[in-house]
There are 4 protein chains.
Amino acid sequence: MATGPRVTVWNEFRHERKDEAVAAIYPNGIHAVLAGALREAGLTARTATLDEPEHGLSAAVLDETDVLLWWGHLAHQEVADEIVGRVQERVLDGMGLIVLHSGHFSKIFKRLMGTTCNLKWRESGDRERLWVTAPWHPIAAGLGEYIEIEEEETYGEHFDVPPPEATVFVSWFSGGEVFRSGCCYTRGSGRIFYFRPGHETHPTYRHPDVRRVIVNAVHWAAPTPGAPRRFGNTPPVEQRA
Amino acid sequence: MATGPRVTVWNEFRHERKDEAVAAIYPNGIHAVLAGALREAGLTARTATLDEPEHGLSAAVLDETDVLLWWGHLAHQEVADEIVGRVQERVLDGMGLIVLHSGHFSKIFKRLMGTTCNLKWRESGDRERLWVTAPWHPIAAGLGEYIEIEEEETYGEHFDVPPPEATVFVSWFSGGEVFRSGCCYTRGSGRIFYFRPGHETHPTYRHPDVRRVIVNAVHWAAPTPGAPRRFGNTPPVEQRA
Amino acid sequence: MATGPRVTVWNEFRHERKDEAVAAIYPNGIHAVLAGALREAGLTARTATLDEPEHGLSAAVLDETDVLLWWGHLAHQEVADEIVGRVQERVLDGMGLIVLHSGHFSKIFKRLMGTTCNLKWRESGDRERLWVTAPWHPIAAGLGEYIEIEEEETYGEHFDVPPPEATVFVSWFSGGEVFRSGCCYTRGSGRIFYFRPGHETHPTYRHPDVRRVIVNAVHWAAPTPGAPRRFGNTPPVEQRA
Amino acid sequence: MATGPRVTVWNEFRHERKDEAVAAIYPNGIHAVLAGALREAGLTARTATLDEPEHGLSAAVLDETDVLLWWGHLAHQEVADEIVGRVQERVLDGMGLIVLHSGHFSKIFKRLMGTTCNLKWRESGDRERLWVTAPWHPIAAGLGEYIEIEEEETYGEHFDVPPPEATVFVSWFSGGEVFRSGCCYTRGSGRIFYFRPGHETHPTYRHPDVRRVIVNAVHWAAPTPGAPRRFGNTPPVEQRA
């Protein structure tokens, strides 16, 4: 029986249904392949997509979600603000969030970061090499010195996000760019990881090291017990005892 | 003639018009006293308030603003989202922002932080002592080891903000609480400083050290020349030359 | 059978042998009480003291140590530089280090921090209240909003250490000071936690919440699998394949 | 008359006296070219080298130094520990320090960082492109999106330093590596900047953008007025008034 963090993989699921090249790589959707990677690692994973009611992210689903993965690209604007608010609240209350690739422009990521989250990009099939810049980090567990991806979309700096609390990967691209590809944040009681690779026209989510990073990141982002967050009008602690 | 950063002091300006006790302390509004402190230090300062058209924050005004101060409390919800978006954009493009006291719950601060910005509070006239925890920081210039304020509203941890990039002050309150009272952030090309003291029922903005910190913070937050932020579809740099 | 991180508790063990008041609180030494707290939590703990050969920190002992606790005060200068170098190397290779109270002035902590690690202090039996400023952090697991200690030595800011990567606690003292009492760092592959309380004339290490924090910190500081750190002359990665 | 920060450029000055290829590029030493760049920008610059008495770093010289530049490579071990201690103390008291290229392995940098400061390297004349990752930072003022250097020594991650407080540049190398090439730290009251480029066999310190960064870094690292750092036995602040 699966134990450990319960994951919900959210995918926009539009490219795969309208673009044959993408469908050839991800016939059942990017979410299916990501959920497969998680299950292979013994984790409990369900999926949710944009066109389901409430985008598949009802309060009941989030109640059973320890870590949420997010992949979106074409339809960020179609995600309802109410659902974005609901997800934000859950993250601040401790749910982990892993934002993948073009999810950098999602409403939820921009809302949690407070910046434009903009970057340079190019669909040219560059070679990408993700160097580990925080070898001690559990998200890097089991990797070598770098991850090599034959062909990917290029992202280039400047990446307009708050300074990461830890930068686990920095990418090298054959066309001449670099990119901070693995960025860790804490917000409220929640942990957030942005992981760059995963363009829909490349089979990146079948790459063993990419899958390993996502599994590691789920374990890192899962809520841990902490102290309570209490707010509001409070009598002097000196008089409470 | 005044040189240096051009400051706009934004104030909600409601307490002062409806509460005699507040009016006694700030008869022309908190903004007037803050602007006075800045002018005394040789800075150019204008004011803007909630009930002016566009809350006094037209594009033209922001064009002439290097650093924006923000004080609000009762009417955060009345600030139009469009104006909040405009201010956010300016901050990301380099305008400094200094958020004062109850401004922690303003739309603009919450939007830039991505968190609830919640905290504990108590209106009991505690003694507050702000200890300098980053003595090297230019915002602490000219201070002693701490700032002492006879009576203030108490704020207590946990303060639900992203981990500050620098924490310049930590407050001690006589009722038993502590608070990170001087928090620095960079977002986009902009610098943000949150400074805790300044409850409307105490003459805090007449305190010489508090005024000094605000002047220092204006100088720190003022835009500095940097490199351009460029985004979007980009050919390989290797082919640009 | 004990599992999890193997801990070595290092103690200078001088106060307890020359000062009756201290011996009354810690008759077998501070290390014995700390090791007891760890064993109670199911961890493997051994002890080592200054006056043992190699201060009890032979290469063989360190080979079997996942996390090292450090308490010292009177005799920092008697710790041999060679042993300090050996411990530093182990930390950079991944061994966790928890520095307690007056250990702030130990050679090993100063060497890892690069600063004076100086602070204000006063032996006046102030009340100390450690507020949780990072409620999400696993080191705060199981605590309430704060830890209260009836009587402790006071430490006051400014604490001359590098900016912590996470600040888990900030202390309030009844005499009027504050202090960053729980400071997290990563150095090389190792995790370091500085935890303030624990003056030898108070029974602080018998306090349930203090013991809980130390157990939590051991789990946090224990080495996690990561990626290899490789250095030196390296052919172009492009030619390696 | 020169105003602004007074700079001392420290150079090991060995390569230039024993290697004709290096002498051809830097006939009067790397320090002479660096001091020239600073003077061109209107700064006061003196030089100091390893083989002078006290390595040219007497207390009197340091008394007149606001920012110290450090270039060394062959003879790190010949720098006297006493001088290293003296420089460290000055940095903690507020003197800026800019560590250049192979200075990553200097005693002073390792002592201030607390880590091995190790990295990968290769003398292959790769093309280096330093991308600006903190465009808002004053050290990046006046640059474009990146600095391009035709031929340089390669440094590769992992760079074993504490997580930088700001990372201004990340380098791309044509052989396939990346490197965090502009790293900012605060230690005590001092600011430290590590800047990667500058191998002795390449005319890197004649590159206009490299010179501009060094001038910018001097301005950033120069001491600013702050609050006093006071330490030691202290009566309760509550009883001082």
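1. How many nonpolar, polar and charged residues are in the lining of the second largest pocket? Two nonpolar, twelve polar and 13 charged, where Ala, Val, Leu, Ile, Met, Phe, Trp, Tyr, Cys and Pro count as nonpolar, Asp, Glu, Lys and Arg as charged, and the others, Gly among them, as polar.

2. A word on the basis: this is a predicted model, with pLDDT of at least 70 needed for local features and 80 or more for side-chain atom pairs, while totals for chains, interfaces and linings use all residues. Residues count from 1 along each chain as its sequence is written, chains are lettered from A in the order written, and side-chain values use heavy atoms, without hydrogens and water.

3. Back to that pocket: 27 residues line it, with C:Q88, C:R111, D:Q88, D:K110 and D:R111 nearest its centre. Two or more lining residues come from each of α5 (81-92) and α6 (107-113) in chain C, and likewise α5 (81-92) and α6 (107-113) in chain D. Helices here are DSSP runs of H or I, at least four residues, and strands are E runs of at least two, numbered from the N terminus.

4. Now A:H101, which sits in the loop between β4 (96-100) and α6 (107-113) of chain A. A:H101 counts as buried because its relative accessibility is 0% (buried means under 20% relative accessible area, with a 1.4 Å probe and protein chains only). Beyond four places in sequence, its contacts (heavy atoms within 4.5 Å) include A:W71, A:E152, A:Y194 and A:H199. A:W70 is 31 residues away in sequence, yet the C-alpha atoms are 8.9 Å apart.

Technical notes
Buried < 20%, exposed > 50% of the residue type's maximum accessible area, 1.4 Å probe, protein only. 1 Å grid on protein atoms, 1.4 Å probe; cavity = no way out; pocket = protein on both sides within 12 Å on 5 of 7 lines; lining within 4 Å.
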